[in-house]
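My notes follow the structure.

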Amino acid sequence: MRIAVIGSGYVGLVSAVCFAEIGHDVVSVDNDSAKIAALERGEVPIHEHHPPELLKRHRGGRLRFSTSIDKSVKDVDAVFITVGTPQSETGEADLSFVEAVAYEIAAAIERPTLIVEKSTVPVRTCDSLRKTLLLNGAKSGTFSVASNPEFLREGTAVLDFLYPDRIVVGVDDETSAKIMQEIYAPLTTGSYYSNKDAIKFDGPTAPKARIIVTNAKSAELIKHASNAFLAMKISFINAVANISEAVGADITQVCAGIGSDTRIGSKFLNAGIGYGGSCFPKDVQAFHAVAMQCGYDFGLLTEVMQINEEQRRRFLKKVRSALWTLRGKQLGVLGLAFKGDTDDIRESPAIAIIEALLKEGCSVKVFDPAATSRAKETLPQKGVTYANDPYDAATGSDALLILTEWKEFAQLDLAKLHAGLKYPIVLDGRNLYRPEQMAAAGLIYHSIGRASGVPEHMAGVLDRTHSGVDGTPVTSTRRQ
Ligand code: UGA
């Protein structure tokens, strides 16, 4: 098939390289000429494992780049729209980029073309897209519109695309369904996976990807509802973690117990400082706004957002409680990105917590394996220094904070960390260690939804004073 992908951001670029990888002729379009020039040179602007390899494989072959929508959509079978849908001031998705692209497509298409909405959009966007295309010169009968939401995660985007749990295709006519099925056939028939050069997957491989064909509105709703549900899972477990902490239960044990019920599942039950990123915060808000427009107050989503905000406040309270006063203190901070394996800091809980600490008069010494240069564009210069590695961040600091779930932060040399810290205090917003393990390493350890870990020689004193942070029970090595 011949495919144009409009918008070379995260979803657009990953989709373009993956469509080329499964055998299609693809043109990736963006109005940012510097970005297109960089892609033409083989430079990948996102922090992902496979796009550099796929770009190398297909650039100049099945994959081309262009800055012109007009020239790119004339002779293709399908046009995928993957431009940004940022949050507007009212919380709704701002669809002006989608609309602007639709004008240009309408003026350019000359032969039957399927226009596919792949950006995250509110339900009924396909209807508006159809209307806009008609009003701007596209002839009825020369085009149809479909929804094909994307479920890829940053950090594992290519694997999520090539080995999806499901492919959702929302169409309102048979021809569109056939085109979409043909586009994804290498994944749904499994032919791609038997190719010896296929990108390999570590986990249980899917011999055939599952495709779910719905009407366009259902597909649009599936995207928003999926992200809202995942965000709800995170807020739910964070709320349970707060109770767990108060009563002296252990949230990781609670999660194992809850998650082993296959109806619930164990994924997305990691308690912490809440969700961030370019998707969940924006999409939960937008879905809430969509519901309101439909006359339904989706109060559950309001609660999901509130719990998420509250998690950051509770963590800050823990830092205050652990250090007594904050003004003038230096804190080592591990993590800037909104999650591990990405350089993305959009809506990052780590950045929000750092900004709050700076306001309270602390200075921070931060380390992140990938997000430092992006953070430098956002964080103030005053009060922030950038460390070379986790141990450098800890050295001379009054306490160490873990704010992003990078794998490397879970495998630190605890003795070395302890030696560098001014006070042996670690506050872990991602539950990367066991309290007793940290206590045994001589560290006072506060995490989320679990008892604090306190070295044996300090346990008696802390029992008598704070009994951990916020009155949480104390785990000392002696008690294990
Ligand atoms: C999310 C969805 O997972 C994708 O399916 C979706 O396609 C994407 O949004 C999108 O709409 O484009 P992503 O934003 O890349 O993907 O990140 P996630 O891995 O979902 O993590 C989101 C946030 O939740 C992170 O801040 C992470 O730290 C947090 N999280 C995740 C938790 O706090 N606990 C968990 O158990 C899981």
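I began with helix 1 and helix 3, which are oblique to each other, a label left for angles that are not under 35 degrees (roughly parallel), over 145 (roughly antiparallel) or 65 to 115 (roughly perpendicular). I noted that this is a predicted model, in which local features need pLDDT of at least 70 and side-chain atom pairs count only at pLDDT 80 or more, while totals for chains, interfaces and linings use all residues. Residues are numbered from 1 along each chain as its sequence is written, and side-chain values use heavy atoms, with hydrogens and water left out.

For helix 1 (residues 10-21) and helix 3 (residues 51-58) I recorded a packing angle of about 50° and axes 10 Å apart. I then read the crossing of helix 1 past helix 3 as left-handed. On the helix 1 side I listed Val17, Cys18, Ala20 and Glu21 as making the contact, and on the helix 3 side Leu54, Leu55, Arg57 and His58, with contact meaning heavy atoms within 4.5 Å. By class, I have five nonpolar residues, one polar and two charged in this contact of helix 1 with helix 3.

Which residue has a phi near 70°? I found Trp324, which is not a glycine and yet has this positive value, in the loop between helix 12 (299-323) and strand 9 (330-334). Trp324 has 79% relative accessibility and therefore counts as exposed (over 50%).

Terms used
Axes fitted to C-alpha atoms, helices over the stretch in contact; angles between N-to-C directions. Helix = DSSP H or I, 4+ residues; strand = E, 2+ residues; numbered from the N terminus. Left-handed = near helix turned anticlockwise from the far one by under 90°. Nonpolar A, V, L, I, M, F, W, Y, C, P; charged D, E, K, R; others polar. Buried < 20%, exposed > 50% of the residue type's maximum accessible area, 1.4 Å probe, protein only.
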